Amino acid sequence: MLDSGLIRAALEALARELGAGDSVVSAATVELLLVGGAGGLLAGRLAPHRVTSDCDVMVCVPEEAWPELERAAGRVAHRLGLSRRWLNRGPAGPYRDALPRGWEQRRSEVLRTGPLVIFVPGRVDFIAMKALANRAQDIEDLIALNTTADERAFVRHHLLHWPHDHWLNSQLREALATLDELEDDT
Amino acid sequence: MTRQIETRLRALTRRWARLGAAFAVSPAPQTPDIERLLIDTARLAAHESRLFIMAATWLLEFGSLVAKHRLRALARAELEPDYHPVLGLMLDLVRQENGTRHFNEVIEVCRPADAVADASDDDEEIPPLFDVYRDRPRLLRRLRRAASPVSRQWGRLAEPMEFKPDALRSRPWLIARNPSLRLRADLGGDLRCSILLTLADRPEAGASEMVLARACGVTRRAVRLALDQLELAGRVLRQPARRGTTISLADTRAAA
């Protein structure tokens, strides 16, 4: 289980772990894009009663640094008493497509420590991912985010011009329906 | 959501945080009364889906710590009918997930929503479990398609449950932070556990075996047998009174 303080502490411990080694990573900068609950908490977008148990990494640059990061995260988990999967590429993986074009320009840096630079997605990108995930808790988060008409229009445009044919149409339609409901709420 | 509900939700999440649920709030200063926490959670879960998910996940991992007879008695005596389906669904989901029989007697006293009986071929009448779907017809249509069979049976539509065991602290953490739970663990949440907790919560329930049996929702014979064991273990005192026997805790701190 993680709160924003512990997320920061764990990422700083991870950076120290990487910096201590004689490795590719210790000599380079590694950028991580954190999504899900951890990203939302670090960005201050989610209410404190939001629960999160892990850090979902959607993007790791350079990609080849990931195996070493994963090993170092295992050592940090042991030291801080965290779940072994506290840093993972879990459900975020398939959602990489969910990020609207231009997300790199909208992301925010929330932590720079040792070789690690941690980013979170911009608000509209966060909203797009929440709309696509679309579970009860995601809809609650969307309502709590108080999305603006411009943000919803941006995400709607993204979903209507969806370039990835491996996603189910029904999933996109349902995400659009959720945005329509938020429109009606305002 | 009103300010009052938000305040109650925050207090509730602090009690769950004390029991190891990963709500990012400061934990309550004392170990909560687990059965009352479950009753309060059933009352408020509609406002916050994560509360329901975390309570069910906690029960999946630590359900044997729940004094089942006491929970059944509280559900019967104090839980309003509107919330019976919420508690029933939560316990039923746990039962389906890990096959436990621990909650069978509690599930039996929880009544499904009236809408289940009223619903004909479709479930148009069945309301959603979570408020976020209320008055949002598009979301509700989707939920009606995706709702789990067990949620339909209880009359509170919800999508299939996704438990979050990684969002719980470990067993050693739970017991170290809440040493009074050791007693519950030792007794496995059976009738002895309910008797001790009932006496701690309402000492007047020890006026006689009959009163205690009523408070725990079991027969007098069952209470007497459990009291025999508790007395042997030095956990309760039985004293002759003008009418029958009074019962009290031998150590009032033990069941706190």
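The expected span of a helix is 1.5 Å times one less than its number of residues. Helices (H or I, at least four residues) and strands (E, at least two) are DSSP runs, numbered from the N terminus. By that rule the 15 residues of helix α5 (residues 84–98) of chain B should span 21 Å, which agrees with the 21 Å between its end C-alpha atoms. This is a predicted model, in which local features need pLDDT of at least 70 and side-chain atom pairs count only at pLDDT 80 or more, while totals for chains, interfaces and linings use all residues. Residues are numbered from 1 along each chain as its sequence is written, and chains are lettered from A and ligands numbered from 1 in the order in which they are written.

**Chain A: make-up and sheet**

- Chain A has nine helices and five strands, and from the N terminus its elements follow the order α-α-β-α-β-α-β-α-β-β-α-α-α-α.
- Of the 186 residues in chain A, 45% are buried; a residue is buried if 20 or more other C-beta atoms lie within 10 Å of its own, exposed if 12 or fewer, and partly exposed in between, with C-beta atoms placed from the backbone.
- Two residues are in contact if their C-beta atoms, placed from the backbone, lie within 7 Å; among chain A contacts between residues at least 6 apart in sequence, 69% join residues at least 24 apart.
- The five strands of chain A make an open sheet of mixed pairing, ordered β3-β2-β1-β5-β4, where strands pair if DSSP finds at least two bridges between them.
- Strands β3 (87–88) and β4 (108–113) of chain A are at the edges with a single partner strand each, so one side of each has no neighbour in the sheet.
- Strands β1 (residues 30–35) and β5 (residues 116–120) of chain A pair in the parallel sense over four bridges, and A:L33 has A:F119 of β5(A) as its bridge partner.
- Helix α1 (residues 4–20) of chain A lies across β2 (55–61), β3, β4 and β5 of chain A, at about 50° to β4(A); axes are lines fitted to C-alpha atoms, for helices over the stretch in contact, and angles run from 0 to 180 degrees between N-to-C directions.

**Nonpolar core**

- A nonpolar core is a set of buried Ala, Val, Leu, Ile, Met, Phe, Trp, Tyr and Cys residues joined through C-beta atoms within 7 Å.
- The largest such core holds 128 residues, of which A:L14, A:L34, B:A21, B:A55, B:L87, B:M90 and B:I195 touch the most other members.
- Helix α3 (residues 49–62) of chain B gives the most to this core, with nine residues.

**Helices α3 and α5 of chain B**

- In α5(B), 11 of the 15 residues are buried, so this helix is largely enclosed by the rest of the structure.
- The buried residues of α5(B) pack against α2 (34–44), α3, α4 (68–77), α6 (104–109) and α9 (149–154) of chain B.
- Not counting residues up to four places away in sequence, B:M90 touches B:F52, B:A55 and B:A56.
- Just after α5(B), B:G99 has a positive phi of about 70°.
- B:E61 sits in helix α3 of chain B and is partly exposed, with 18 other C-beta atoms within 10 Å.
- Leaving aside neighbours within four places in sequence, B:E61 contacts B:P165 and B:L168.

**Helices α12 and α13 of chain B**

- Helices α12 (residues 191–201) and α13 (residues 209–216) of chain B pack at about 105°, with their axes 10 Å apart.
- The contact involves B:L191, B:S194, B:I195 and B:T198 of α12(B) and B:L212, B:A215 and B:C216 of α13(B).
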